Amino acid sequence: MKKATIGFAMCGSFCTFSKAFEQMQKLADSGFDIIPIMSGNASSTDTRFGKAEDMVKTAEKISGKKVLTTVTETEPIGPKNMCDLLVIAPCTGNTLAKLANGVTDTSVTMAAKSHLRVLKPVLLCAATNDALGASAQNIGRLLNTKNIYFVPLSQDDPQKKPNSLVANFGKLEECVINALGGRQTQPVFE
């Protein structure tokens, strides 16, 4: 039996890409069909964590599909029922703000808007250095938005980064199953 199709969108929290790719591979190995999506920054910026070209190739190898990187490529996700669930992992503070305030100017935010438009679930795997600062209000708003779910968050190195929260990527698959069933059974904060 074929499992659900998951749009797996990645934003520019480059330090969490290895965790995101690990989870993308686990979902693919579990039989989920993966549609890879990357923001313009995620798909084109070389960092100390790796070259953009290699990141795109990794997503394409895991999914067996071309990475969607533009607004025009991701707009049909909702109307064409391309996904059962959209995962945004990692979801940066910038993307949290855009989602909370209805800004649709990247492939990832368009994928989310398009997917939510047909009342399907979006699962956020946040990674932001200002979660307990400027991004807190956006997280609060999204926690109260229908069909948006969160992978549990915990503080990331509280001594060096007191405002930072990162999702527990290890719980992503369990949260995928819960979100597909329309429920948030994990606490949002660990």
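User: Thr128 first. Buried or exposed, and why?
Analyst: Buried. This is a predicted model, and in it Thr128 has 7% relative accessibility, so it falls under the 20% cut-off for buried.

User: Which strand is Thr128 in?
Analyst: Thr128 belongs to strand β4, which covers residues 122-128.

User: And what does the Thr128 side chain make a polar contact with?
Analyst: With the side chain of Asp130, at 2.6 Å.

User: What's Thr128 in contact with, leaving aside neighbours within four places in sequence?
Analyst: Thr92, Gly93 and Leu96 are on the list, along with Ser135. Asn163, Ser164 and Leu165 complete it.

User: Leu165, okay. What is the bridge partner of Thr128 in β7?
Analyst: That is Leu165 again: it is the β7 bridge partner of Thr128. Strand β7 spans residues 165-167 and runs antiparallel to β4, with 2 bridges joining them.

User: Let's stay with β4. How many of its residues are buried?
Analyst: 7 of the 7, so β4 is largely enclosed by the rest of the structure.

User: Which residues point which way from β4?
Analyst: Val122, Leu124, Ala126 and Thr128 point one way, while Leu123, Cys125 and Ala127 point the other way. Both sets are buried.

User: In what sense does β4 pair with β3, and over how many bridges?
Analyst: Parallel, over 4 bridges, with β3 being residues 85-91. One place to look is Cys91, whose bridge partner in β4 is Ala126.

User: What about β4 and β5? How many bridges there?
Analyst: 3 bridges, and the sense is parallel. Strand β5 is residues 148-150, and its Ile148 stands opposite Val122.

User: Through which helix does the chain cross from β4 to β5?
Analyst: Through helix α7, residues 136-143. That β-α-β crossover is right-handed.

User: Changing topic: aromatics. How many aromatic pairs does the count come to?
Analyst: The count is 2 aromatic pairs. Phe14 and Phe17 form a tilted one, 5.2 Å centre to centre with 50° between the planes. Phe17 and Phe21 form an edge-to-face pair, at 6.0 Å centre to centre and 80° between the planes.

User: Where do Phe17 and Phe21 lie?
Analyst: Both are in helix α1, residues 17-29. They sit 4 residues apart, about one turn of the helix.

User: One more residue, Ser43. Which helix is it found in?
Analyst: Helix α2, which runs over residues 40-44.

User: And why does Ser43 count as buried?
Analyst: Because its relative accessibility is 17%, and the cut-off for buried is under 20%.

User: What is Ser43 in contact with, leaving aside neighbours within four places in sequence?
Analyst: Met38, Ala52, Val56 and Thr69.

User: Back to β4 for a quick recap. Which strands does it pair with in the parallel sense?
Analyst: β3, over 4 bridges, and β5, over 3 bridges. With β7 the run is antiparallel, and 2 bridges do the joining.

Technical notes:
Residues numbered from 1 in each chain as written. Predicted model: local features only at pLDDT ≥ 70, side-chain atom pairs only at ≥ 80, totals over all residues. Heavy atoms only, no water. Buried < 20%, exposed > 50% of the residue type's maximum accessible area, 1.4 Å probe, protein only. Polar contact = N/O pair within 3.5 Å; in protein donor to acceptor, adjacent residues only side chain to side chain. Contact = heavy atoms within 4.5 Å. Phe/Tyr/Trp six-rings, centres within 6.5 Å; stacked < 30°, edge-to-face > 60°. Pairing = 2+ DSSP bridges. Right-handed = clockwise from strand over helix to strand, strands pointing away.
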